[in-house]
Amino acid sequence: MHVEEAVTAARTPADARAAEVMAELAALEDPRARAVNERHGDDHGVNLGKLRAVAKRLRTQHDLAVRLWETDDTAARLLALLIRRPKAFGRDELDRMLREARAPKVHDWLVNYVVRKSPHAEELRVAWSADPDPVVASAGWALTTERVGKKPEGLDLAGLLDVIEARMRDAPDRLQWAMNHCLARIGIDHPGLRARAVAIGERLEILKDYPVSPGCTSPYAPVWIAEMVRRQEPGASAPR
């Protein structure tokens with residue numbers, strides 16, 4: 001038996017399936033998609049619509065998702081996050097995965113599609129928010145932002161504003177973006193703190209000059225807050 005045949009024969013069915021999926025992703029490689037993705041820091045060339053179509057066909061396959069994650073390939077990891085079972089991951093496993101997830105899209109999907117649905121979300125939110133790694137800390141702030149909007153009971157919202165006011169200006173980009181989102185969410189969802197949130201945004205001027213496409217809302221917190229509050233008014237509609 002040749003070496004290649006021996007390696008193939010030694011594969012488990014799950015390993016062979018992962019290899020098939022990796023080959024399918026390789027066939028979807030598109031230089032134009034790669035150019036767009038790499039501008040956002042994501043090192044892969046698969047159109048996300050096509051990636052989601054593959055995930056829809058595969059459905060939930062947690063063992064396959066684990067093997068795809070282990071490849072360290074960005075497209076494979078994104079696919080893994082779409083076919084996983086969030087509650088099947090342990091707390092330490094999620095922490096390890098986050099620290100491995102350096103591509104921005106992988107980081108975002110891991111937090112949004114997996115950690116938020118995990119029973120360990122709150123414990124990780126607290127731990128990550130205090131982590132010295134700013135990329136890890138940004139995940140903690142993303143989870144905090146969700147709680148601000150959906151389950152604020154028990155959060156010290158005024159204390160969060162204190163931290164944002166003191167630290168956001170000098171925070172690294174990804175952490176700064178996450179803190180700014182939290183600032184906007186507090187202003188949008190909590191009228192009693194809205195004026196202070198707007199004032200912090202005006203004083204710090206974070207993302208004030210951020211370019212946005214026509215019809216899109218600026219991430220500059222005072223503008224963002226004002227627009228989202230306007231949309232909540234009876235009869236209001238989003239800009240076309």
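Which residue forms a salt bridge with lysine 208, and how far apart are the closest N and O atoms? The partner is glutamate 205, at 3.4 Å. A salt bridge here is a side-chain nitrogen of Lys or Arg within 4 Å of a carboxyl oxygen of Asp or Glu. Lysine 208 is partly exposed at 41% relative accessibility. Glutamate 205 is partly exposed too, at 43%. Buried means under 20% relative accessible area, exposed over 50%, and partly exposed in between (1.4 Å probe, protein chains only).

This is a predicted model, in which local features need pLDDT of at least 70, side-chain atom pairs count only at pLDDT 80 or more, and totals for chains, interfaces and linings use all residues. Residues are numbered from 1 along each chain as its sequence is written, and side-chain values use heavy atoms, with hydrogens and water left out.

Start with the overall fold. The protein has 14 helices and 0 strands. Helices (H or I, at least four residues) and strands (E, at least two) are DSSP runs, numbered from the N terminus. The C-alpha atoms fill a box of roughly 75 × 40 × 35 Å along the principal axes. Of the 240 residues, 41% are buried. A contact means heavy atoms within 4.5 Å. Among contacts with a separation of 6 or more, 62% join residues 24 or more positions apart.

Next, the surface. Its accessible area is about 13100 Å², and carbon and sulfur atoms hold 52% of that. Areas come from the Shrake-Rupley method with a 1.4 Å probe; for residues, only the protein chains shown count as cover. Trp177, Tyr210 and Val212 make a nonpolar patch of about 280 Å². Patches take residues with over 30% relative accessible area and no salt bridge; like charges are joined within 9 Å, nonpolar side chains (Val, Leu, Ile, Met, Phe, Trp, Tyr) within 5 Å. Valine 212 sits in the loop between helix 13 (191-204) and helix 14 (221-232). Valine 212 is partly exposed, at 39% relative accessibility.

Now the buried positions. Threonine 145 lies in helix 10 (residues 134-150). Its relative accessible area is 5%, so threonine 145 counts as buried. Beyond its neighbours within four places in sequence, threonine 145 contacts Ala178, His181, Cys182 and Arg185. Alanine 184 belongs to helix 12 (residues 173-189). Its relative accessibility is 0%, so alanine 184 is buried. Leaving aside neighbours within four places in sequence, alanine 184 touches Trp224 and Ile225. Alanine 88 is 96 residues from alanine 184 in sequence, and their C-alpha atoms are 33 Å apart.

Back to charge. There are 25 salt bridges in total. Aspartate 15 and arginine 67 form one of them, at 3.0 Å from N to O. Aspartate 15 is in helix 2 (residues 13-27) and arginine 67 in helix 5 (residues 62-70), so the pair ties together parts 52 residues apart in sequence. Aspartate 15 is partly exposed at 33%, as is arginine 67 at 26%. Glutamate 24 and arginine 57 pair as well, with their closest N and O atoms 2.8 Å apart. Glutamate 24 lies in helix 2 and arginine 57 in helix 4 (residues 48-58), so this bridge ties together parts 33 residues apart in sequence. Glutamate 24 is partly exposed at 25%; arginine 57 is partly exposed at 48%.
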